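Morning, everyone. Have a look at the model on screen, and I'll walk through a few of its strands.

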Amino acid sequence: KEGANKLKKTALASLALVVGAFLVYSLATAPKVEGPYTPGPVHWHANISLTACGEPIKFPRVPPGQMLGPEVRHLHENDSKIHIESQVQRKEDIMVGAFLADIGVPFSEKQLGPFKEGDACPDGKTGKVGFTVNGAPSMEYEKHVMRDGDRIDIRFE
């Protein structure tokens, strides 16, 4: 009987050790969850202008009474302002590239819509993508995190 009790205690201690090690490992390797990007709901607007070879790139038509894109970043009908509404969970949710992907416009430092760096405009000049925020050149391109009042100008020229 004494041997059986000793075996039980050893088995329980081993089980507790394995469970404890698993818990420590799980906590150490769990993905880190960031808190919300904004402390609460926001209602921001960013103005955006897209041009290629001197001609405006039109946004897709938004059906009356609807919005184009998810609640956190979208357009309303007859409006070229990006509306950022709700509590923003991650800064990636309000990056220019995420918005343009929503509306089907490929964008990077080398592409704007169907135009890729090195393509020629109708005037024969080779074009490249330019990106400014609030009048200042920016190298953030699709990774720019939009803020209230931003004036974003993206050009292929």
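Which residues point one way from β9, and which the other way? V129, F131 and V133 go one way. G130 and T132 go the other. Buried or exposed? All are buried. Keep in mind that this is a predicted model.

So much for side chains. β9 spans residues 129-133 and is mostly covered, with five of its five residues buried.

Now the partners. Strands of a sheet pair through backbone hydrogen bonds, either parallel or antiparallel. β9 pairs with β11, residues 151-156, in the antiparallel sense. That pairing runs over five bridges. Take F131: its bridge partner in β11 is I154.

β9 also pairs with β10, residues 136-137. Again antiparallel, and joined by two bridges. Here V133 has A136 in β10 as its bridge partner. What sits between these strands? The hairpin of β9 and β10 has two residues there. Look at N134 in that hairpin: its phi is positive, near 55°.

Next, an open sheet. Three strands form it, in the order β6-β7-β8, with antiparallel pairing. Which are the edge strands? They are β6, at 107-108, and β8, at 115-116, and each pairs on one side only.

Zoom in on β7, residues 111-112. Two bridges join β7 to β8, and the two run antiparallel. Across that pairing, L112 stands opposite F115 in β8.

To recap: β9 has bridges to β11 and to β10, and its five residues are buried. That's my part done.

Methods. Residues are numbered from 1 along each chain as its sequence is written. This is a predicted model: local features need pLDDT of at least 70, side-chain atom pairs count only at pLDDT 80 or more; totals for chains, interfaces and linings use all residues. Side-chain values use heavy atoms; hydrogens and water are left out. Buried means under 20% relative accessible area, exposed over 50%, partly exposed in between (1.4 Å probe, protein chains only). Helices (H or I, at least four residues) and strands (E, at least two) are DSSP runs, numbered from the N terminus. Two strands pair if DSSP finds at least two bridges between them.
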